[in-house]
Amino acid sequence: MDSLYRRFQIEEVEVTARVLDKDVIQPQTLKGPELQRLNALSVADALRYFSGVQIKDYGGVGGIKTVDIRSMGSHHLGVFYDGVEIGNAQNGVVDLGKFSMENIEEISLYNGQKSELLQPAKDYGSSGTLYLRTRRPKFEADKPYNVMVGMRAGTFGLANPSVLYEHKLTDNIHLSANAEYQFATGRYHFRVHKVSTDGKTAWDTTGVRQNGDIQSWRAEIGLFGYLPRGKWHVKGYFYNSEKGIPRAIIRNVWTSDQRQWDRNAFVQSSFENTWMAGDRRLSLLATAKYSYDQMRYLNPDTTLMYVDNEFRQQEAYLSAAFRADVFSWWEVAVSADYIYNHLNSNMSNFVFPRRHTGLIAVSTAFHYKWLRAQATALETLIHDHIERPAGLINKAAKDYSRLTPSVSLSYQPLLTERLYLHAFYKHIFRMPTFNDLYYTDIGNTALRPEFTTQYDGGLEYTKSLKLDNNAMKGIDLHVKADGYFNQVKDKIIAVPKGNSQYRWQMLNLGYVEIRGCDINAGVTMHFDYGVEWAFNGSYTYQKAQDLTDPSKLEYGGQIAYIPWHSGSIVSNLSWRDWSLHYSFIYVGERYHTSANIRANYELPWYTHDLSISKMWQLKGWRLSTTVEINNLLNQQYAIILNYPMPGLNGKLIVRAYI
Amino acid sequence: MKRTNIYVLAILLFMTACRGDELLPPTETETRGDKQSGSLRGFYLLNEGNMGQNKATLDYYDFEKAIYTRNIYGAANPGMVQALGDVGNDLKVYGNRLYAVINCSNLIEVMDKRTAEHIGTIEIPNCRYLTFDGAYGYITSYAGPVQIGNKQIGYVAKFDTATLQIIDTCFVGYQPDEVEVLGNKLYVANSGGYLVPNYETKLSVIDLNTFEVADSILVAINLHRVRKDGEDMLWVTSRGDYADNPARLFRVNPLSKQITDTFELAAGDLTICGDSLYYCGMDYAAGGAMSGIINTRTCQQVSTSIVTDNTLIDTPYGIAIHPDSGYVYMTDAGTYVNPGVLYCFSRDGKQLWNVRTGDIPAHIAFIYK
């Protein structure tokens, strides 16, 4: 940890979680200063540095950003905010562009699941899981409060002020409150340049991205309590935004008037405690949440179908988990969750779906010297209820239940070296969402769940060396590599319903096999005079084949928007209060559909980002300043066909810690 | 510092080496079938492309050379910014010109029928289908003025084929689709597709002398296609409501305004050649692909499958008949997101050849010599 953040992170002991080895298989984690230095505006931006992850980004500040983990599709990623799942029964995908990085302290991505036994059953219910942990209050010995005022401003008309206040109510109860406002015009120049096969320019045009504006505010208030053998927290979250929905740049139409309003509110709490019975531990984790989400979508463009729809979702969530030691090396746990979802809308012929989900997970973990193992069986029970409007047939809600297993193993060949060989297997599904099943005219109640099966094997090695030569004082090394094979069955796909394409239908159509490898490596060198250089790289290879129909051209083709090769490099050089940060992201060639023909080819893209930070020590308070320049080469690229991304852009970040 | 230099150099190499030029979509040719001589030069096929992808493309089949060319528009007009546009919806030849309706790009692309070279455009928002009579073209549009309840009335625009200027408009029903000229009347199939579940049910009848709506004919909900036959009868399709009301095909007497015959089938596309009406489409209720032939004179179902060999067509989408040889050209849109296939069948339904097309191959227009 560099000096920049040392004082403020005074109680942060988990410098490298890898050392603690809580998990059978370590997640990819970004936290603390390492995370802050990435200067990511949203969670989606930060996730680009993980391996095995592809971000679908439609450009700009307000545009939707979703995450595809190991090519299984964005519906298969469970997202947890301070330990409690974020649900979206309506469309099953959490827009990670919506989650600001301002208050996030740690992001962890698990392929498969977290192997912590004391967790809700929901944590076992996704193919991959993302944990977002917000900042917990930490206090210096003589100061019972913290104040931080921050401002981010930059291109796209971005203005993003934020304020944080933390108070030590008692030694064991801490309060945290923070608020943030974000405004951006989302306007940026883009250029499209097409070349003929003879190398001559065919056409070359520039434009300004329109309707990518956003205005949002977020407020959070939380209480964190600490018990001798446990902890609890209560949190309230409020988010309100209005944004434009930028459209595809197509011939003759470059602008859009479509708008979206989001309002999200939730209250969540958890309580965790451990009791001792002799030398055996018995632990309880209880979690509860209520959330209310409102979304309004407006298309006022009268050349198209006028749409003004509002959706209101409610979710109630209750969970209890128990963990007990059988022996000191063997734990068993059981957890039970209940989730209630309700969706309301002003759409015509709407069926107002309600879903009751019961989840029961039984799991066990074993740790004997060089061997760690964990196994879980998850039973999912789902009952949907719909109100059928008169005259509508083919609408029957079905009950569904399924038992799904997962197993993970880790083996440490030499107890003196932190080298681990690991493997996991997981079979899980995602339920069709309310939109898939019941969206007026489009939904298909005959849909089956979409199943994924994952097989993974890999190794992880961590080494810290203390050196005694003149220049270099120490070196930390970390390598993690995984190879995997995934299957996605009964993929849920939208297809047009007959001629004239404004009607769609959802079908279980598709089988995908994914063979891939993820590699992460990092080295941190500690030099004399407080100079530190950290270098991290990630690389992903994925062969994600559409194996749906052997008679088709696309059979065996790489699925849409998944590159074979992608990776990132992050380098940070710090000296005293200065820090120089460079990052590089590379996404290799792709096709925008699984028919891998030249007409569907998408060029690789890569961005270079550079930032410089300085911490200023002033009387009684500190000031941190960062200047950031992104996409240094002003590369004109698109992640999604016809959605141009911004070229050269920059930000200025100032934070005052009082 | 030496190491840093090497590292910088490696990065620079990486930057310059990996990203090439963004190339235009390719134009490709393939030989298919036997060379044919006759009154026809060839046909164009308009691929719709998926909404938002800007991938409408035009293909061409040359009868004399027996060569199929994918994306001939791209080759003929390499400098056209964003090429043909987003979602092709109709294709017609009239005079020496080829007209492609590009729905989401809000325009009609007018081309030379021999070269597919750009001549001009007619800008009409949310344009759907077109037809011609005399010196004028008629095109339907969903995007009329906004009414109470944010409903937009549809209209037919009349344009001069010489100047490509719109000279008149006539409001019809909601979301009008196909138009057909019969006598001095224009028949417009109104769908009401944006008003689910309150679909339109009528054909609008426009008097071509006054260019005003003179009458209407009640047929069924969600009308789509309207074509005349040799007996001056109209064949009209209803898409149904995808629930209780199935898709249907009707024969309508335009003089008595009566439905004379009803067929319960999903004719996504149809074409009339002589006394035969060929149709194909997807019937989701009955479970999939369908095609057939109806005698327009006797109103008997002659065939319930145009294909008589073991050719499997996933998603029959467009159909055309060679007026001389009677060959059947049927397109398969597949899963819609990937390139489709054009099949050529002999008069008796045996596959002669097939070729890969663009995405969602749909509309065929023959070119005479």
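Reply: Two strands pair if DSSP finds at least two bridges between them. Please keep in mind that this is a predicted model.

Me: In which order do the strands of the open sheet of 4 strands in chain B lie?
Reply: This sheet of chain B is open and its pairing is antiparallel. On average, neighbouring strands are turned by 20° against each other, direction ignored. The order of the strands is S5-S6-S7-S8.

Me: Which strands of this sheet in chain B stand at the edges?
Reply: An edge strand here has a single partner strand, so one side of it is left without a neighbour in the sheet. In chain B this holds for strand S5 (88-94) and strand S8 (118-123).

Me: Which residue of S8(B) stands opposite B:Leu107?
Reply: Strand S7 of chain B, residues 107-112, runs antiparallel to S8(B) and is joined to it by 5 bridges. Opposite B:Leu107 stands B:Glu123.

Me: Which residue in S7(A) is the bridge partner of A:Leu77?
Reply: Chain A has an open sheet of 5 strands with mixed pairing, in the order S1-S6-S7-S4-S5. The bridge partner of A:Leu77 is A:Gly128.

Me: How many residues of chain A are in contact with chain B?
Reply: Contact is judged by C-beta atoms that lie within 7 Å. On the side of chain B, 55 residues take part. Their partners in chain A number 50 residues.

Me: How many residues on the side of chain B that touches chain A are charged?
Reply: Helix H1 (2-18) and strand S23 (276-283) of chain B each supply at least two residues of this side. By class, 28 of its residues are nonpolar and 19 are polar. The charged residues number 8.

Me: Why is chain B described as being as compact as a globular protein of its length?
Reply: The secondary structure of chain B consists of 2 helices and 30 strands. For 369 residues the globule rule gives 21 Å, and chain B is close to this value, so it is as compact as a globular protein of that length. The reason lies in its radius of gyration, 22 Å.

Me: What percentage of the residues in chain B is buried?
Reply: A residue is buried if 20 or more other C-beta atoms lie within 10 Å of its own. Among the 369 residues of chain B, the buried share is 49%.

Terms used: Residues are numbered from 1 along each chain as its sequence is written. Chains are lettered from A and ligands numbered from 1 in the order in which they are written. This is a predicted model: local features need pLDDT of at least 70, side-chain atom pairs count only at pLDDT 80 or more; totals for chains, interfaces and linings use all residues. Two residues are in contact if their C-beta atoms, placed from the backbone, lie within 7 Å. Ala, Val, Leu, Ile, Met, Phe, Trp, Tyr, Cys and Pro count as nonpolar, Asp, Glu, Lys and Arg as charged, and the others, Gly among them, as polar. Axes are lines fitted to C-alpha atoms, for helices over the stretch in contact, and angles run from 0 to 180 degrees between N-to-C directions. The radius of gyration is taken over C-alpha atoms; the globule rule is 2.2 Å times the number of residues to the power 0.38. A residue is buried if 20 or more other C-beta atoms lie within 10 Å of its own, exposed if 12 or fewer, and partly exposed in between; C-beta atoms are placed from the backbone.
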